[in-house]
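Hello,

Here is the structure I said I would pass on. Please look through it first; my notes follow below.

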Amino acid sequence: MKKAAPVIVLILLATALFSIKYFTTLLDSKDSATIVYKPYTFKDDYTDKRKLAKAVDNIFIGEVIREVGIEEYTGSPNTQFLVRITQNIKGALLGDITINQEGGYFKEKGKLYLLSYEKTPLLKEDQMYLFTVTRTKEDYFEMLPKYGSVRLDNEDEKYKQIKAFKEVIE
């Protein structure tokens with residue numbers, strides 16, 4: 001019986017590792033994910049900043065603090081991020097909020113995928129963005145693919161985006 005115990009423990013450990021690898025993303029390198037691009041149906045032409053500004057509740061500059069979760073909605077992953085608001089352009093939000101981005105990582109038959117609507121990259125930690133968002137009934141904020149975030153790499157880009165939206169809001 002003493003010889004069987006290590007074998008049983010080894011079998012249980014192997015089963016646990018297989019299950020974790022096959023059903024979760026914990027042991028996967030996100031760089032190895034196969035990217036799946038999907039189209040998104042928009043209610044209007046949001047290349048027009050006036051229409052975009054009118055369609056959303058809030059426009060602001062914010063810094064992504066970290067990813068806080070992934071939820072499945074209508075069979076697709078949605079990734080939530082904690083964002084610190086640094087400057088409001090439309091609306092008056094304060095502090096940190098949760099932003100939902102449609103898309104994200106998911107597993108299917110043991111293979112890792114990254115779902116991206118309209119080729120919108122996932123938000124990145126410690127990066128500054130201009131966000132256009134709408135508050136949901138669940139009390140988080142939803143951003144549109146493609147038009148919901150603009151990455152700001154420097155102060156010039158930041159001021160250019162702020163100026164462009166302030167002009168269409170006024």
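How many helices and strands does the secondary structure of the protein come to? The count is 3 helices and 8 strands, where helices (H or I, at least four residues) and strands (E, at least two) are DSSP runs numbered from the N terminus. Along the sequence the pattern reads α-β-α-β-β-β-β-β-β-β-α.

Two notes on the basis. This is a predicted model, in which local features need pLDDT of at least 70 and side-chain atom pairs count only at pLDDT 80 or more, while totals for chains, interfaces and linings use all residues. Residues are numbered from 1 along each chain as its sequence is written, and side-chain values use heavy atoms, with hydrogens and water left out.

Overall figures

The protein has 170 residues, and 35% of them count as buried, meaning under 20% relative accessible area (1.4 Å probe, protein chains only). It exposes about 10,900 Å², an area from the Shrake-Rupley method with a 1.4 Å probe. Carbon and sulfur atoms supply 55% of that area. Among contacts (heavy atoms within 4.5 Å) with a separation of 6 or more, 61% are between residues 24 or more positions apart.

Strand pairing around β6

Strands pair if DSSP finds at least two bridges between them. Strand β6 (residues 128–135) runs antiparallel to strand β2 (residues 58–73), with 6 bridges. It is also antiparallel to strand β8 (residues 149–152), through 4 bridges, and to strand β7 (residues 141–143), through 3 bridges. On the β7 side, T134 stands opposite E142. The hairpin of β6 and β7 has 5 residues between the strands, and D139 there takes a positive phi near 65 degrees.

Pockets and a cavity

Rolling a probe the size of a water molecule over the atoms shows where empty space is left. The search uses a 1 Å grid over the protein atoms alone: a cavity is a set of points where a 1.4 Å probe fits but cannot get out, and a pocket is an open set with protein on both sides within 12 Å along at least five of seven lines. Lining residues have an atom within 4 Å of a point. Grid points are joined across faces, edges and corners, and a volume is the space filled by probe spheres set on the points.

The largest pocket has a volume of about 420 Å³. Its lining has 23 residues, of which Y105, L114, P121, L122 and K124 lie nearest its centre. Two or more lining residues come from each of β1 (34–38), β2, β4 (96–108) and β5 (111–117). By class, this lining has 11 nonpolar, 4 polar and 8 charged residues; Ala, Val, Leu, Ile, Met, Phe, Trp, Tyr, Cys and Pro count as nonpolar, Asp, Glu, Lys and Arg as charged, and the others, Gly among them, as polar.

The second largest pocket comes to about 340 Å³. Strand β2 gives the largest share of its lining, 3 residues. The classes here are 2 nonpolar, 4 polar and 5 charged. E142, the residue opposite T134, is one of the lining residues of this pocket.

Regards

Conventions:
Buried means under 20% relative accessible area, exposed over 50%, partly exposed in between (1.4 Å probe, protein chains only).
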